[in-house]
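Please read the following report alongside the sequence and the structure, and turn the view as each part is described.

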Amino acid sequence: MAVVPYERIPFAGTVPSPQKENEGMITGNWRTRRPIVDSEKCVKCQTCWINCPDACVNLNDDKPINFNLKYCKGCGICAEVCPAGAITLVPELDFEE
Amino acid sequence: MKTNIKRMSGCVATANAVKLANVDVICSYPIRPYTGIMSELARMVADGELDAEFVLGEGEHGQLSVVYGASASGARAFTGSSGVGVTYAMEVYSPISGERLPLQMAIADRTLDPPGDFGSEHTDALCCRDQGWIQGWASSPQEALDLTLMYYRIGEDPRVLLPQYACQDGYFVSHILGDVDIPSQEQVDAFLPPYKNHHVLDTKDPVIIGPQMEPEMGPGTQYQRHLAVEGMYKVFEEVHEEFADVFGRKYDPWLEEYMTDDAESVIFLQGGHAETAKNVAKHLRNLGEKVGVVRLRTFRPFPTKQVRETLSKFKVVGVVDNSVNFGISCGAGVLLTEVRAALYNNDKKVETVGFVAGLGGAMITHDEFYKMFDVLKNVAKTGKNEKQSYWLPFEL
C-alpha cells in the first residue's frame, strides 16, 4: 500500500457524505455471524431498523426485511432488540459463500 | 485609551472574556478551581447578559464531546476543567485538533490524584501538551482575559483552525483578585470576527467528519496537522500586534523578560509563580546581583528559536517546573527538557539547572527563589553544574 501524498488528503480528513454507501470502507467482511430473519415471526415493527448502528437493515413494503451484508459487521444488536425473536445469528462458516 | 478597570479573580476575568467573545455553546461540569468560571458564566446566561446554550455535561469526556459537536456545527464553543477532569477527557483532545475545530478550553490547574489534593500544579494541562492544541499560561487575571480573546482569534484564523488550552494557575491566578481592564464590546468585535470553519455540519450539504480511513492516508493526515501547528508562529506574532493596536496592551507572544539587561543568571518559568520570582529578582538587583526572570507565555507551539536566542544572553538559566514528570531525563520536569533541547547545538554554552517546585499547590516562596538564585550564582561563578536538578524544598 502506497502512502497517499498529504496534498491529496482532504482538509482534516473530512469528506462529502456518501448518500448511501461508502465504497472506501466496506466492513461486511469483518462479520463472523450473519443475521437471519424468520419471516414467519417478523412483525415488521422496524425496531431493528431503528437500532442498527450501520443502517444495514433494508425495509420493504411487500417483502420481509433483509440486511445489507456488504456493510453488516454482525454485531447482533438487531437480534438482541427484536421483540418477536425473529432474528438469529448464524456463524458465517455455515454458509457456502 | 479609555479604561474600565475592575477588580476580579482569574476565573471571573475568563468568564468576562468568554462573554465578550460572544460564545454560542458552553459545556460545564464542576471541579474546582476552574468551576469559578462556569458559575460566573451560568449567572451571566441566567441574567440574560449572555445569549448562549449552557449545557451540563455528564463528565469531562462528555463536556469535550459536546463542544466538539458544537464547534463542528459552526458554533463558537467553550469548556474547561481542572486536574483529573482534564485527564478524564483525554480521548477527545486529539480528534478535536485532528478535525481542526478551534474551540477553547480553560484549564485552572489542579494536582492530579492521589491524594485528593486540590492545590495548583501544571501537571494536568501538561499531560495534554502534544495533542495539537495551542497552550499557554496566564500569570494574572488580566492576562487570563487577554489569553481567552487572543486564543480564539489565533485558533479560528483560517490558516490555523486549532483548539486552545488557555491555562491559569489554580488559586494563585484563578482565585486571587487583580485589576482587570475590561474591553468594550466594540473593541472585541473589531478584533474577533465571527467564527467560520472550512466545513460545518449541514443536512443540506452532508459531510463525514472524522471518517474511517485506510492506513496509507494516516501519514498525510498527521502531516497536515503538523504543518498547521508549525504555521502558527507567524499568526501568533500578527495577532499579538493587532491585539496591542486594538486594546493597548502589548505582550511578546513568546517570552516576557524582567530585569534581564546584562543579567548573568535568570529564572525561567511559566504561570503565576513568575510574579514571586520577579519580586525576588528585583530585591537581588537592589543588592547588585545580575539576575532576572524570563517567563514563557506560550508552551505550544514551543518557541524554540526565541528561547534559544533569548537564553543565549545569559550564563546560567534555572528552569522551574511546576509539574511532575516521574522518570524524565535529569530528574526534573518537561520545561527543563524543552529548554535543553532548544539550547542543544547552540554556539554559546548556557548552563541549565532544573528546579521542581510548588508541587501539590504549595507556594513557591520568596525564600525558595533566593535559594535557587544562589545555586545559579554558584554555577555561574564556578562553571560547575554537577547536580543538574533539585526537588524543592527537600533538596535545597
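## The parallel sheet

In strand β3 of chain B, the residue B:F54 is the bridge partner of B:I26.

Which strands make up the open sheet of 6 strands with parallel pairing? Its order in chain B is β3-β2-β4-β5-β7-β6, and the edge strands, each of which pairs on one side only, are β3 (53-56) and β6 (134-138) of chain B. From one strand to the next, the twist averages 20 degrees. Helix α3 (residues 60-72) of chain B packs on this sheet, where it touches β2, β3 and β4 (77-81) of chain B, and its direction makes about 165 degrees with that of β4(B). Helix α7 of chain B, in turn, lies across β5 (104-108), β6 and β7 (164-168) of chain B and runs at about 165 degrees to β6(B).

## The mixed sheet

Chain B also holds an open sheet of 6 strands with mixed pairing, and the order of its strands is β10-β12-β11-β13-β14-β15. At its edges are β10 (255-258) and β15 (389-391) of chain B, each pairing on one side only, and the twist averages 20 degrees from one strand to the next.

## Helices packed against helices

Two packed helices are described by the angle between their axes and the distance between the axes. For helix α7 (residues 141-156) of chain B and helix α10 (residues 232-247) of chain B, the axes come within 10 Å and cross at roughly 135 degrees; the two helices are therefore oblique to each other. The crossing of α7(B) and α10(B) is right-handed. On the side of α7(B) the contact is made by B:M150, B:R153 and B:I154, and on the side of α10(B) by B:M232, B:V235, B:F236, B:V239 and B:F243. Sorted by class, the contact of α7(B) with α10(B) has 7 nonpolar, no polar and 1 charged residues.

What is the angle at which helix α11 (residues 273-286) of chain B and helix α14 (residues 366-382) of chain B pack? The angle is about 60 degrees, and the axes of these helices are 9 Å apart, so α11(B) and α14(B) are oblique to each other. Their crossing is right-handed. The contact is made by B:T276, B:A277, B:N279, B:V280 and B:L284 of α11(B), together with B:H366, B:F369, B:Y370 and B:F373 of α14(B). By class, the contact of α11(B) with α14(B) has 6 nonpolar, 3 polar and no charged residues.

## Where the two chains meet

The contact between the chains takes 15 residues from chain A and 21 residues from chain B. On the side of chain A that touches chain B, 12 residues are nonpolar and 3 are polar, with no charged residues. Strands take part as well: strand β1 (residues 15-16) of chain A and strand β9 (residues 207-208) of chain B run antiparallel and are joined by 2 bridges, and A:V15 stands opposite B:I208 in β9(B).

## Backbone details

The peptide bond that joins B:D113 and B:P114 is cis, with omega at about -10 degrees, and B:P114 lies in the loop between β5 and α6 (123-126) of chain B. A cis peptide bond also runs from B:L392 to B:P393, with omega near -5 degrees; B:P393 lies in the segment after β15 of chain B. In chain A, the residue A:A12 has a positive phi of about 55 degrees although it is not a glycine, and A:A12 is found in the segment before β1 of chain A.

## Confidence in the model

Where pLDDT is low, the predicted coordinates should not be read in detail. Chain B averages a pLDDT of 96, and 100% of its residues score at least 70. For the complex, the predictor gives an ipTM of 0.80 and a pTM of 0.90.

Notes. Residues numbered from 1 in each chain as written. Chains lettered and ligands numbered in written order. Predicted model: local features only at pLDDT ≥ 70, side-chain atom pairs only at ≥ 80, totals over all residues. Axes fitted to C-alpha atoms, helices over the stretch in contact; angles between N-to-C directions. Helix = DSSP H or I, 4+ residues; strand = E, 2+ residues; numbered from the N terminus. Parallel < 35°, antiparallel > 145°, perpendicular 65-115°, else oblique. Left-handed = near helix turned anticlockwise from the far one by under 90°. Contact = placed C-beta atoms within 7 Å. Nonpolar A, V, L, I, M, F, W, Y, C, P; charged D, E, K, R; others polar. Pairing = 2+ DSSP bridges. pLDDT = per-residue confidence, 0-100.
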